[in-house]
Amino acid sequence: MGKAINVFSEIGKLKQVMLHRPGKELENLMPDHLERLLFDDIPFLEQARKEHDIFADTLRSKGVEVLYLEDLAAEALTSQEIKEQFLTEYLDEANISGTGIKQEIRDYFLSLGSNRELIDQSMAGLKKKELVLNGNAKSLTDLVDDNYPFFIDPMPNLYFTRDPFATIGNSVSLNKMYSETRRRETLYGKYIFKYHPMFRDNPINLLYNRDDSTRIEGGDELVLSDKVLAVGISQRTDVASIEKLARNIFESELSFEHVLAFDIGEERKFMHLDTVFTMVDYDKFTIHPEIETDLTVYSISKENGEIKILEEVDSLEHILCRYLGVDAVQLIRCGGDDITAAAREQWNDGSNTLTIAPGEVIVYDRNVITNKKMEEAGVKLNYIPGSELVRGRGGPRCMSMPFVRENI
């Protein structure tokens, strides 16, 4: 029996993956509160689910076992004690103002029929009209805040399962998220890796923890090989986090020798490293042309017990060749050489591919120019529709969390 988590590359044949099928949390998005919840638009849930099911079926047709976050989280609540503990943490992080209200909401969650209902409701958030409070529970704060429609905000970003944690080697980086609205998402990972029957007997080593002081997100964490990790310094990931992660990796995931920190800047359009750069084959990468020229790469390694950090002064191609031990690499530009197409297709996640085997990827069908460039480079493409899913600004890699890949 192999390890429950086994991810030593971005491209090894994908065997098991975790997704989240979009739920009612998307129907709780409102135009006035989009920015707070990190959305630019409101996906149509019914269509988003159809697209997501096509994504899941495409994976299954390639022999990948598909697990769902909502199932794993529900199955992790293996006793009444663990369920109550989860609820306490969840409600503590939900910013509920009045104590009386908190108790009523707790009672409401505990009255739900099954663990799965509790998990679904915790993801969807709680609208004020879903729960009629008894009058004693109301405090002045609640009366004043009465025009805000939620007791608990929804978690609409959950279908991007890549970010709340990252699988690296046989370990997990349980992340501290950039924005308050997403920090609660990592609670599901905490309970899954601690209590789910898949992991309970062999607890998962955490390379990072959600209680850490500096932020990091899974879209910035790429496993380039069993020796090299790439991490983006981005809008969502601090430099300090990368150093902490590197130290923990060198201590516990001994095959990794180098962490490459890619400074991609702090713009929302570039959000994570995997929105501008993904690995699709042993020597092929998708890249957004806008980051190529200004990209600074730092290498972190451990020599004689000491952490050593260097700025790499070389072209990205040369840096990748050197660290991956290949003679040449091919950078496939998002949008080709057309800067308008590049900007548009990057916004629609043209560079955000999910590699399911060396040289074979899943992509959104809408990024026609980038897709054509990949095919010309000999990459095999599996197309999925993404008109609604893309409104959350994430692609196939963002929507998937590999648990097991074959070693290459």
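Tutor: Let's start with a rule: two strands pair if DSSP finds at least two bridges between them. We are looking at a predicted model.

Student: What makes E5 and strand E6 a pair?

Tutor: Four bridges join E5 to E6 (residues 171–174). The rule asks for at least two, so E5 and E6 count as paired.

Student: Which residue in the hairpin of E5 and E6 takes a positive phi?

Tutor: That is Gly 169, with phi near 65°. Two residues lie between the strands of this hairpin.

Student: How do you know whether the faces of strand E5 are covered?

Tutor: Look at residues 165–168. In a regular strand, side chains alternate between the two faces of the sheet. Here Phe 165 and Thr 167 lie on one side, with Ala 166 and Ile 168 on the other. All four are buried, which means under 20% relative accessible area. Both faces are therefore covered.

Student: What makes the space in the second largest cavity a cavity?

Tutor: A 1.4 Å probe fits there but cannot get out, so the space is called a cavity. Its volume is about 70 Å³, and the structure holds five cavities of 30 Å³ or more.

Student: Which strands supply at least two residues each of its lining?

Tutor: E5, E8 (221–223) and E19 (401–405) do. E19 gives the largest share, three residues. Ala 166 and Thr 167 are among the lining residues.

Student: How does the lining of the second largest cavity divide by residue type?

Tutor: There are five nonpolar, two polar and five charged residues.

Technical notes
Residues are numbered from 1 along each chain as its sequence is written. This is a predicted model: local features need pLDDT of at least 70, side-chain atom pairs count only at pLDDT 80 or more; totals for chains, interfaces and linings use all residues. Side-chain values use heavy atoms; hydrogens and water are left out. Buried means under 20% relative accessible area, exposed over 50%, partly exposed in between (1.4 Å probe, protein chains only). On a 1 Å grid over the protein atoms alone, a cavity is a set of points where a 1.4 Å probe fits but cannot get out, and a pocket is an open set with protein on both sides within 12 Å along at least five of seven lines; lining residues have an atom within 4 Å of a point. Grid points are joined across faces, edges and corners, and a volume is the space filled by probe spheres set on the points. Ala, Val, Leu, Ile, Met, Phe, Trp, Tyr, Cys and Pro count as nonpolar, Asp, Glu, Lys and Arg as charged, and the others, Gly among them, as polar.
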